Amino acid sequence: MAKARLKIIPLGGLGEIGRNMMALEYGEDIVVIDAGLMFPEEEMLGVDLVIPDITYLKENHERVRAILITHGHEDHVGALPYILPQLDVPVYGSPLVHGLISVKLREHRLLKNVRLNMVRPGDVLQIGCFRAEFFRVCHSIPDSFGIALHTPIGTVVHTGDFKLDHTPVDGKTMDLHRLAELGDKGVLLLMSDSTYVERPGYTPSEQVVGQSLDRIMGDAKGRVVVASFASLISRIQQVVDAAEKHGRRMFIMGRSMLDNAQMAIEMGYLTVPSGLGTPDELKHLPPERIAVMTTGSQGEPTSALSRMANRDHRFLEVIAGDTVVISASPIPGNVGLINRTIDALFQQGANVLYQGIADVHVHGHGAQEELKLMLRLVRPRFFVPVHGEYRHLVLHARLAHSLGIPEENTFVLQNGDVLEVTTYRAKKAGQVSSDYIYVDGLGDIGQVVLRDRQHLAQDGILLVVVAVDKDTGKVIGEPDVISRGFVDVSVSEQLMTDIRTQVVNAIDHGKAHTTEWGYINPKIKETVAKYVYKETRRRPMILPVAVEV
């Protein structure tokens with residue numbers, strides 16, 4: 001009987017920013033690390049979210065033992081409401097992760113059906129043949145973990161998102177001592193965050209942002225509005241601290257951020273000495289006594305900040321004299337939306353501060369020297385860079401080579417690759433399904449729907465309605481041609497008339513003498529498509545509707 005091999009199977013998060021999900025398999029056991037979402041790119045029309053493809057996990061659902069969560073950001077937990085109804089497995093995460101996921105699952109009415117479990121730094125769980133050990137790392141959100149999975153053939157370390165911060169907001173630093181211990185005992189494989197590998201040196205501490213927010217709150221003559229991610233609890237605390245120091249009443253706008261903040265207050269992760277203000281209080285306070293934390297740092301059209309910028313928010317409109325701080329990095333694909341929001345804020349007379357012109361945000365990911373330190377501490381036999389676009393993974397692999405890890409022991413994987421690992425050898429061994437799963441509203445849509453949307457956006461649609469005699473198969477009356485997004489009918493009357501003529505001739509002179517729908521509808525579509533392309537060099541979507549009379 002062949003000896004079992006450890007399989008490393010990335011289902012998302014490689015070659016992209018977001019959608020983080022990694023499966024590890026040994027024998028009859030599979031453990032999953034993270035289940036994140038990705039925000040849609042511009043060409044993903046009408047798509048709200050993109051999540052990992054869990055086809056492989058569903059096909060092997062009886063062997064999936066647990067989902068382990070490194071931290072509470074959307075790119076690591078955001079897919080859970082869509083995945084857990086399909087995979088009935090326990091989820092393990094820190095107390096803050098437990099709280100953030102609970103808020104999310106309650107919104108989706110799934111909380112009662114999910115097995116959520118809390119773990120703390122240093123906890124070790126036996127999950128099938130794996131022993132999962134959680135250790136503290138620093139990131140831009142409290143309670144962030146790396147995970148050491150002790151397998152039958154050796155230890156695998158997954159760093160999660162991390163940076164080296166000696167002055168984090170919550171005062172809890174990274175457990176470098178435990179990482180060194182793991183390295184001394186021997187680590188089979190390291191999977192390490194690659195997001196910020198292009199930057200030399202070290203990532204600045206979160207303290208830099210706290211100092212900037214303190215200055216901004218003190219200098220601003222009017223209201224201060226700070227936009228960031230809803231799950232960025234540490235940033236909310238920094239805004240609260242600065243507001244309290246300068247005598248400003250703290251308000252939070254945006255349902256998701258308010259829900260997360262209330263949960264964090266209840267669990268002790270967020271301290272607001274004066275409490276949060278209510279919308280009614282905004283009307284009665286002078287501008288210099290108001291501080292607002294809001295969602296919308298990515299320029300989302302329906303977010304609280306965008307509504308403020310467009311004077312469409314129920315409680316707050318941005319006016320001249322306000323200071324607006326965008327305290328977040330642009331997610332790829334959102335740059336245009338963010339720039340439009342910033343322009344709208346400037347047009348309203350606000351003073352807008354954002355990354356590039358002020359120290360209002362620092363990354364939560366380690367730069368080159370921090371990545372080198374991780375490699376030196378852990379000293380793995382094999383190395384797999386994770387969490388980043390493809391160039392990040394390649395550059396991180398080169399960084400590992402420079403520190404003495406052999407090139408043949410470093411693997412730049414893509415989503416769906418299967419890496420088989422034994423004690424002394426590793427190799428790529430096939431692929432599993434790892435397509436994008438598009439979420440629109442509460443359900444997922446496929447590639448076909450997205451292609452249809454792209455088609456409609458490029459060339460529009462022609463709806464051709466034809467009444468056909470059920471006995472003879474001849475056209476009755478004149479076909480109706482409806483154009484949306486193709487041509488302006490009022491200035492293209494001759495084209496519409498010609499299309500009607502083409503349809504009548506095609507059906508009446510065709511082979512059908514009864515209503516053979518298998519012939520009539522395709523014939524209409526083919527005839528109209530050929531004629532329209534010949535006349536306009538465009539290919540609108542054509543929907544034939546033949547009605548039997």
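Contact, as I use the word here, means heavy atoms within 4.5 Å, and helices (H or I, at least four residues) and strands (E, at least two) are DSSP runs, numbered from the N terminus. I am reading a predicted model, where local features need pLDDT of at least 70, side-chain atom pairs count only at pLDDT 80 or more, and totals for chains, interfaces and linings use all residues. Residues are numbered from 1 along each chain as its sequence is written, and side-chain values use heavy atoms, with hydrogens and water left out.

**Entry 1: helix α11**

After α11 comes Arg379, whose phi is positive, near 50°.

**Entry 2: an open sheet**

I then traced an open sheet of five strands, paired in parallel in the order β14-β15-β13-β16-β17, where two strands pair if DSSP finds at least two bridges between them. β14 (249–253) and β17 (351–354) are at the edges with a single partner strand each, so one side of each has no neighbour in the sheet. Between β14 and β15 (290–294), which run parallel, I found five bridges, and Ile252 stands opposite Met293 in β15. Helix α8 (255–267) packs on this sheet and touches both β14 and β15.

Definitions and conventions. Axes are lines fitted to C-alpha atoms, for helices over the stretch in contact, and angles run from 0 to 180 degrees between N-to-C directions.
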